[in-house]
Amino acid sequence: MKTKILVTGGTGYIGSHTVVELQNAGYEVVIIDNLSNSNAAVIDGIEAITGIRPVFVEGDCTDINTLHELFKANPGIKGIINFAASKAVGESVQKPLLYYRNNLNTLMNLLDLMPEYGVKGIVFSSSCTVYGEPDVNPIDETAPIKPATSPYGNTKQVCEEIIEDYIRSGAPIKSILLRYFNPIGAHPSAEIGELPLGVPQNLVPYLTQTAAGIRKELTVFGDDYNTPDGSCIRDYIDVVDLAKAHVIAMKRMLDGEDTDAVEIFNLGTGRGLSVLELIASFERATGVKVPHKIGPRRAGDIEKIWADPKKANEVLGWTASVPVDETMKNAWAWQCKVSKH
């Protein structure tokens with residue numbers, strides 16, 4: 001009997017890559033997604049890579065009745081990975097209630113139903129935004145949680161607190177909180193990748209769309225930061241590396257008898273790259289030039305942040321291993337495929 005896992009937001013960017021890795025590791029996967037920021041065709045890509053078509057439920061996790069029906073129709077779900085959240089920082093400032101309603105209600109509904117349906121653990125998709133502008137880099141899991149600079153960032157902090165409070169109250173579940181740094185790239189098969197609806201909010205899809213001629217030029221927001229080349233520094237992690245960490249976390253949570261009820265891990269490479277270095281990596285990996293200009297700083301941007309991934313490396317036995325040039329090559333192969341359609 002394969003262990004059954006529910007992946008919420010499973011047709012999204014990180015969700016779809018995680019479904020692939022779960023299926024490759026021998027798990028049975030059920031996906032729920034409301035397709036608000038993804039496409040049902042992603043299921044075809046997952047099947048093309050793994051040879052297995054996951055169960056797909058189109059539905060909204062903020063509706064508890066939909067979740068009741070899902071659990072009844074798919075008995076025996078042992079673990080949940082929750083990716084069902086709105087995630088654009090800028091949009092969250094404009095539409096805070098949408099973000100609070102979606103991100104908090106989804107989580108509370110899932111937690112509410114877990115004991116009733118015998119679900120043992122939940123892996124929560126958190127973010128390095130909880131650290132705000134760090135005092136020192138690299139940052140480990142003991143770094144202070146700073147006041148959030150956006151409603152999106154605040155939902156991640158509040159969701160972490162909700163999980164900890166619920167488990168502390170005696171709920172019979174476990175949780176692993178994964179704080180991601182900056183996921184980029186696409187599956188090397190070019191069957192799935194990042195597919196933003198409308199104008200991309202993230203750097204890499206904007207960069208690849210510019211290289212493909214869909215966007216006129218890429219704006220680098222600020223070149224006067226206190227960094228070697230003046231542009232912001234981030235910890236860019238390959239999406240497949242990130243997906244694999246979820247599989248390891250799930251196994252640890254479900255199989256580990258003596259693990260803590262709540263564990264927290266930073267997922268990053270441990271290396272900071274500037275925006276200009278990332279553009280250079282893309283040009284080096286693909287031989288394609290990216291038209292770009294320097295613009296003014298953008299409100300809410302953190303100057304520099306990168307992870308100390310030592311705890312994930314040692315406790316989970318997980319390491320980010322895909323070189324950034326290879327990640328950029330995969331991102332470009334995916335863009336070329338999408339542009340053909």
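A residue is called buried when its relative accessible area is under 20%, exposed when it is over 50%, and partly exposed in between (1.4 Å probe, protein chains only). The structure is a predicted model, in which local features need pLDDT of at least 70 and side-chain atom pairs count only at pLDDT 80 or more, while totals for chains, interfaces and linings use all residues. Residues are numbered from 1 along each chain as its sequence is written, and side-chain values use heavy atoms, with hydrogens and water left out.

**Helix α2**

Helices (H or I, at least four residues) and strands (E, at least two) are DSSP runs, numbered from the N terminus. Helix α2 covers residues 42-50, and its buried residues are Val 42, Ile 43, Gly 45, Ile 46 and Thr 50. Viewed down the axis of α2, these residues fall within an arc of 160 degrees, so they line one face of the helix; the arc is that of the directions from the helix axis to the C-beta atoms. The buried residues of α2 pack against α1 (13-24), β2 (28-33) and β3 (55-58), where contact means heavy atoms within 4.5 Å. Just after α2, Gly 51 adopts a positive phi of about 80 degrees.

**Salt bridges**

Side chains of opposite charge can pair when their charged atoms come close. A salt bridge is defined here as a side-chain nitrogen of Lys or Arg within 4 Å of a carboxyl oxygen of Asp or Glu. By this rule the model contains 14 salt bridges. Three of them are listed below.

| Salt bridge | N to O distance |
|---|---|
| Lys 337 and Glu 191 | 3.2 Å |
| Lys 293 and Glu 217 | 3.7 Å |
| Glu 263 and Arg 252 | 2.7 Å |

Lys 337 belongs to helix α11 (residues 324-340) and Glu 191 to the loop between β7 (182-184) and α7 (203-211), so this pair ties together parts that are 146 residues apart in sequence. Lys 337 is partly exposed at 27% relative accessibility, and Glu 191 is partly exposed at 30%.

The pair of Lys 293, in strand β13 (residues 292-295), and Glu 217, in the loop between α7 and β8 (218-221), links distant parts of the chain, 76 residues apart. Lys 293 is partly exposed, with a relative accessible area of 41%, and Glu 217 is partly exposed at 25%.

Glu 263 lies in strand β11 (residues 262-267) and Arg 252 in helix α8 (residues 239-255), 11 residues apart. Glu 263 counts as buried because its relative accessibility is 9%, whereas Arg 252 is partly exposed at 23%. Elsewhere, salt bridges that share partners join Asp 44, Glu 47 and Arg 53 into one network.
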